[in-house]
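Q: Please show me how the features of a protein model may be read, one at a time.

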Amino acid sequence: MAAFLGILGDYTFQTVALGSALLGLISGVLGCFAVLRKQSLLGDGVSHAALPGVVMAFILLQSKNTEVLLLGALLSGLLATFIILGIVRYSRIKFDSALALVMSVFFGLGLVLLTYVQKIPNSNQAGLNRFIFGQASTLLQKDIIIMSICGAVLLLLVGLFWKEFKLFSFDSDFAQSLGFSPKYLNLLLSFMIVLAIIIGLQTVGVILMSAMLIAPAVAARQWTKRLWVMVLLSAIFGAISGVVGTALSSLYAKLPTGPAIVVCVSVFVLMSVLFAPGRGVIYRLYLLRKSRILYRMEGAKHVSTD
């Protein structure tokens, strides 16, 4: 307990914890729409597709500034998203097949470019691989500011288009009959999800970012049937996981922050799947057992009556 209280006053812990909490909150909110739209794997594809953008930004501009690298990741992620949506729309290839194809091609290209850069003498490429597995300890105050600005914009867009996103997520045909364009709503929502993924790459990396996007929403979905409650719970689960994961990483040596955060949010998913009222496995087993007991009691009554 004393060790935990001691790290609370540490500036590095405060910075990383704040950044992780912001990431969890933003990912939790937007992940709800990805889950409801059955596009959960989009986060996995976009996060992997961001790697070549990071390396290309470094090759072209010879800069390791976080803003430059994240801009390259954003452009690469958007390109991959447009390719996926284009393949699904203009061909007979299903979403999952298009996603797997684009993700593997982009991620493979990113690894090739990263290997090429590492063999260039005096290229000062050290640190680029942090975007693969994440390195939350490298978060600085300017990174928190960028995350806060992007997060505020994303949350503002969610608030402004709440009704449209709600209709589009549950019944796109009905939304279209009311005059809303599913095409533009899908593009806007996809852009927002891509931006949320990009700002989290430095914290958890391209491999684990999809878990931060999907896991809080999946956990929250077990507890409610109302969208606003689901979004609120998802944001809370994500933020708490970010802070707790950062604390565990600070308390135990050689425990990476990104995986620790993902493990924490996975605990929320496991507890929700097991114990959530109405949808939890334990709750359903309880109802099944209760119904069997009532059935036996009713059968015994009929036998005694006869």
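**Reading the enclosed spaces**

Q: Which residues line the second largest cavity?
A: Rolling a probe the size of a water molecule over the atoms shows where empty space is left. Here the second largest cavity is lined by Phe 170, Arg 221, Thr 224, Lys 225, Arg 226, Leu 227 and Met 230. On a 1 Å grid over the protein atoms alone, a cavity is a set of points where a 1.4 Å probe fits but cannot get out, a pocket is an open set with protein on both sides within 12 Å along at least five of seven lines, and lining residues have an atom within 4 Å of a point. This is a predicted model, in which local features need pLDDT of at least 70 and side-chain atom pairs count only at pLDDT 80 or more, while totals for chains, interfaces and linings use all residues. Residues are numbered from 1 along each chain as its sequence is written, and side-chain values use heavy atoms, with hydrogens and water left out.

Q: How much space lies in the second largest cavity, and of which classes is its lining?
A: The second largest cavity holds about 40 Å³, a volume being the space filled by probe spheres set on grid points joined across faces, edges and corners. Its lining has three nonpolar, one polar and three charged residues. Ala, Val, Leu, Ile, Met, Phe, Trp, Tyr, Cys and Pro count as nonpolar, Asp, Glu, Lys and Arg as charged, and the others, Gly among them, as polar.

Q: How many cavities of 30 Å³ or more does the structure hold, and what lines the largest cavity?
A: There are two of 30 Å³ or more, and the largest cavity has a volume of about 60 Å³. Thr 66, Leu 70, Leu 139, Asp 143, Ile 146, Met 147, Ile 199, Gln 202 and Thr 203 form its lining. Two or more of the lining residues come from each of helix 4 (66-90), helix 7 (141-160) and helix 11 (201-221), and helix 7 gives the largest share, three residues. By class, this lining counts five nonpolar, three polar and one charged.

Q: Which elements give two or more residues to the lining of the largest pocket?
A: The largest pocket has a volume of about 380 Å³. Of its 14 lining residues, Leu 85, Arg 89, Lys 183, Asn 186 and Leu 187 are the closest to its centre. Helix 4 and helix 10 (182-198) each give two or more residues, with helix 4 giving the most, six. Eight of the lining residues are nonpolar, three polar and three charged.

Q: How many helices and strands are there in the protein?
A: The protein has 14 helices and zero strands; helices (H or I, at least four residues) and strands (E, at least two) are DSSP runs, numbered from the N terminus. Its C-alpha atoms fill a box of roughly 95 × 60 × 35 Å along the principal axes.

Q: How many disulfides does the structure hold, and is Cys 264 buried or exposed?
A: A disulfide is a pair of cysteine sulfur atoms within 2.5 Å, and the structure holds zero. Cys 150 is in none, its nearest cysteine sulfur, that of Cys 32, being 20 Å away. The sulfur of Cys 264 lies 19 Å from the closest one, also in Cys 32, and so is too far for a bond. Cys 264 is buried at 12% relative accessibility, and Cys 150 is buried at 18% (buried means under 20% relative accessible area, exposed over 50%, partly exposed in between; 1.4 Å probe, protein chains only).
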